[in-house]
Amino acid sequence: MSASLIITEIYASVQGESSFAGIPCTFVRLTGCPLRCRWCDTAYGFYGGTEMDFEAILGKVSELGLPLVELTGGEPLAQKNCALLAERLIGNGHRVLIETGGSEDVSVLPEKTHIIMDIKCPGSQMHERNLWTNLDHLKPTDEIKMVLSDRDDFEWALKIAKDHQLMSRFNVLLSPAFGLLQPKDLAEWMVAEKLNARLNLQQHKYIWHPRAKGV
Ligand code: SF4
């Protein structure tokens, strides 16, 4: 029997975040997440979805015709076959990104997967779910994203970055939680602290309506 996954949606858009921001990308959104971040903007992906076998998923991705593919969620790694799909997509010649919340083991992924992993700050109310051993499995080219709700989250992120030397080991993205922290405030704090990190705005929320799905 062919492997399958529960899928919320597959669509083409531009990548909204990370060092790939602005590049056309196919998104494969896997259903379900074990976390409940306070500011989550994809709660519609927690339940439901459609079971799709790999042939149907790969067929849809191929039909959309973009070299760049992101596996996202929900939490994509909460479904065991996610790593196998990454492998198949890489085998088909795609550049594969995965956006993961950081509570699941990333070491199951193929080496060529580009990992964008959250470290959850206290403002998310999910910071106790960070799986810190994941830091040992990331490559220097991978990216760490921290979504900040306020100045307290910023101070916490600075401490974590220092304790784990994140800014010299990985690409670090700092994102303002949409509607909770003004991008201008975060930009000014980052400059004042002379951080070797990238301000990460969710481009799709500025291009389309902030609550639009499938973009
Ligand atoms: S890990 Fe992602 S999908 Fe899950 S609750 Fe947090 S923001 Fe939402």
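**A strand residue, then the core helix**

Analyst: Let's start in strand β8, which spans residues 171-176 and holds N171. Keep in mind that this is a predicted model. N171 counts as buried because it has 20 C-beta neighbours inside 10 Å, and 20 or more is what the label asks for. Setting aside residues within four places in sequence, the contacts of N171 are S19, E143 and R198. L186 sits 15 residues away from N171 along the chain, with 17 Å between their C-alpha atoms.

Now for the core. The largest nonpolar core has 42 residues, and V28, A86 and L148 touch the most other members. Helix α2, residues 82-91, is its top contributor, giving 5 residues. On that helix, C82, A83, L85, A86 and L89 are buried. Viewed down the axis of α2, these buried residues stay within an arc of 160°, so they line one face of the helix. The background is simple: an α-helix has 3.6 residues a turn, so residues three or four places apart point the same way.

What do the buried residues of α2 pack against? Their partners are the strands β1 (4-14), β2 (24-30), β4 (68-72) and β5 (95-100), plus helix α1 (54-64). Zooming in on A86, and again leaving out residues up to four places away in sequence, you find it touching L71, V96, I98, L109, P110 and T113. Just past the end of α2, G93 adopts a positive phi of about 95°.

Notes: Residues numbered from 1 in each chain as written. Predicted model: local features only at pLDDT ≥ 70, side-chain atom pairs only at ≥ 80, totals over all residues. Core = buried A, V, L, I, M, F, W, Y, C linked by C-beta atoms within 7 Å. Buried ≥ 20, exposed ≤ 12 C-beta atoms within 10 Å, placed from the backbone. Helix = DSSP H or I, 4+ residues; strand = E, 2+ residues; numbered from the N terminus. Contact = placed C-beta atoms within 7 Å. Arc of directions from axis to C-beta.
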